[in-house]
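Keep the sequence and the structure side by side as you read.

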Amino acid sequence: MSSRPAAMEVLRQEHANMTLLLDLLERQIAALRQHDGVDFVLIGGIVDYFLTYPDLMHHPKENILFHRLQELDPAAAAKAEGLVSGHEALGLLARSLARAMVDHLLNETDESRLWLCSLGQDFIDKNRHHMAGEEQDFFPAALRTLSEEDWSFLGGKISTREDPLFGDVVENRFQSLHQFLADRQEVTALNC
């Protein structure tokens, strides 16, 4: 079996995991907007995850692939031109969202709630848009262009640090978020 599909499967699974968290965050933001049973521990866990894994591990993997694609096929890479700067912008937005959440928890004003809702929805929308662009343009171009040797070589350069939430070993700070997701999956399985 080639390493190319395995590497791409990891990236796509990471996108699926992030999408699951964005959906959950969106429900929490809607609850916050309506003053209806917000779980700030859950929101904090999601934001912490985006600061920890996508920002520090997932995006650097994609950046390495993008730079190799740029070397091999500049025209194909041009279609995904904003990839690296998009990763930087998403990291900044995640940090802003974390600060807005702390500000709201300290102040609990209507202004801070509205700001957190606005920033949260912007974070969700921009992450979804960014991942959709990668799935539509970047991933197919990388699969078409990179050789087995490229994937093998890049595999050694790409960190294999385990996902702290979705991996086999869940970090302590993500235990409550992991438990929430596990409980949710059990309920879904029972309802099938």
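Predicted model: local features only at pLDDT ≥ 70, side-chain atom pairs only at ≥ 80, totals over all residues.

Residues are numbered from 1 along each chain as its sequence is written, and side-chain values use heavy atoms, leaving out hydrogens and water.

Start with helix α3, residues 54–72. Helices here are DSSP runs (H or I, at least four residues), numbered from the N terminus. The axis of α3 comes within 5 Å of that of α2 (residues 40–52), and the two cross at roughly 45°. Axes are lines fitted to C-alpha atoms, for helices over the stretch in contact; angles run from 0 to 180 degrees between N-to-C directions. Angles under 35 degrees count as roughly parallel, over 145 as roughly antiparallel, 65 to 115 as roughly perpendicular, and the rest as oblique. Tyr49, Phe50, Leu51 and Thr52 of α2 touch Pro54, Asp55, Leu56 and Met57 of α3. Contact means heavy atoms within 4.5 Å.

Next comes α5, residues 83–107. Its axis and that of α3 come within 9 Å and cross at roughly 170°. The pair is therefore roughly antiparallel. On the α3 side, the contact includes Asp55, His59 and Glu62; on the α5 side, it includes Leu83, His87 and Arg95. By class, this contact has four nonpolar, five polar and three charged residues. Ala, Val, Leu, Ile, Met, Phe, Trp, Tyr, Cys and Pro count as nonpolar, Asp, Glu, Lys and Arg as charged, and the others, Gly among them, as polar.

Now turn to α6, residues 110–145. The axes of α3 and α6 come within 10 Å and cross at roughly 55°. That makes α3 oblique to α6. Leu65, Phe66 and Leu69 are among the α3 residues that meet α6, where Phe138, Phe139 and Ala142 are among the partners.
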